[in-house]
Amino acid sequence: MGYSGARGGLEAILAAEDLVRRKRDHAPAPWASTEQITARFRLAVDRVMGEAGLYDEPTAADAFRQAEGDTLEASHLLRAQRSTLPRLAVSEPVDPGEMTVLRRIVPAFREPDGPQLLGRTSDYTGRLLERPEGPPEAERSEAEDTVGVAERTREQRSPRRFLDLLRKWELVAEGRGGDDPEPHDITRRPARPPADRSAVLAAMARAESGALMALWYRSILGPDGDVHEITLGELRHGRLPLRVRHPYTGNPVAVGEFRVTEAEAIEDLDGADEDRTRFDIGYGLCFGHNERKAIAMANLDVANRRFGRSGPLEQLLLLTLDGLDSGGFLEHLKLPHYVTFRSMVERKQAMRAAADAGEDPPARAAEPAGKDCR
């Protein structure tokens, strides 16, 4: 999981860590409690949970505070915390159709079954910076904010899926066969190409959001020759039940809820060996409220199934998007590398001396990747 340790300079390292704690814990600004961070920085907390692969809002908020707002460092802290926890049970599969919808938009259809629920969003608000001097005089309580949710009917909060309408019109190329393999657990066993679809989706769900979005943008621009157009079919944010098997009765028991964002993307099949009378559907689902990640996932799910085997896309999805891996390798560049650099300097000097003497330059010896971190 990247590089995280170094030898030497222990006194300086301890002093640096102490300075971080003193500046963080005794800052001139008021202390931000876990509840404040969860309520005020909800999207950052959701992003940390998604990239860490652990759904627990208070723990993610504590990691966000300790990391001083660095979401990648907070994800690292949260994933390290997760590695210390026992695995007591495996949750039961959940049908996304059970979602209690908090937000739902269907860009592909003007009048879908069920309502368009805009929910809590600033998508349609002008990007004008507000500079309030303090909190509003009268803040609405959480109970008041949920009144409108409670008044909506169960049917409105669990509308029919837009994909069901496409299936009714026989426009969806299912192409998945009758098998339902066990999902690949990337937390226990790393995924390598060629990988199951579940492994690719899991890798994207835990990927660093910015890296995933950049790869999605590269994909739709088509520099690798695989040009494809995506229509966003449906986007949802809501709550799903968490169920486990009761240790004595063996019956599934709901032990809580968790929020997810789900996206379904539609692509027009136009390949020579594809069914041009149907659409392909891409799928994305991630922890919390992170619509950019879910949309990018759904788009890349289609692209990978169409072009992943013939190009570098699957390898990029599986091996380069994990923020802890890529960030760890980048961070290790800050560790001491003076032995390696000294050997490079000596090699340059030897080559210059050989050139001045009219001799052939010495052959370069092969060096292992990673080099020294002393």
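View 1. Of the 374 residues in the chain, 31% are buried (buried means under 20% relative accessible area, exposed over 50%, and partly exposed in between, with a 1.4 Å probe and protein chains only). This is a predicted model, where local features need pLDDT of at least 70 and side-chain atom pairs count only at pLDDT 80 or more, while totals for chains, interfaces and linings use all residues. Residues are numbered from 1 along each chain as its sequence is written, and side-chain values use heavy atoms, leaving out hydrogens and water. You can find 15 helices and 4 strands here (DSSP runs numbered from the N terminus: helices are H or I with at least four residues, strands E with at least two).

**View 2. Strand β3 and its two partners, β2 and β4.** Strands β2 (residues 230-245) and β3 (residues 252-268) pair in the antiparallel sense over 15 bridges; two strands pair if DSSP finds at least two bridges between them. β3 is also joined to β4 (residues 279-287) by 9 bridges, again antiparallel. Look for Glu267, which stands opposite Asp280 in β4.

**View 3. The turn of the β2-β3 hairpin.** Between β2 and β3 of this hairpin there are 6 residues. Gly250, in the turn, has a positive phi of about 80 degrees. Arg245 has Pro252 in β3 as its bridge partner.

**View 4. Leu14 in helix α1.** Helix α1 spans residues 10-25 and includes Leu14. Is Leu14 buried or partly exposed? Leu14 counts as partly exposed because its relative accessibility is 48%.
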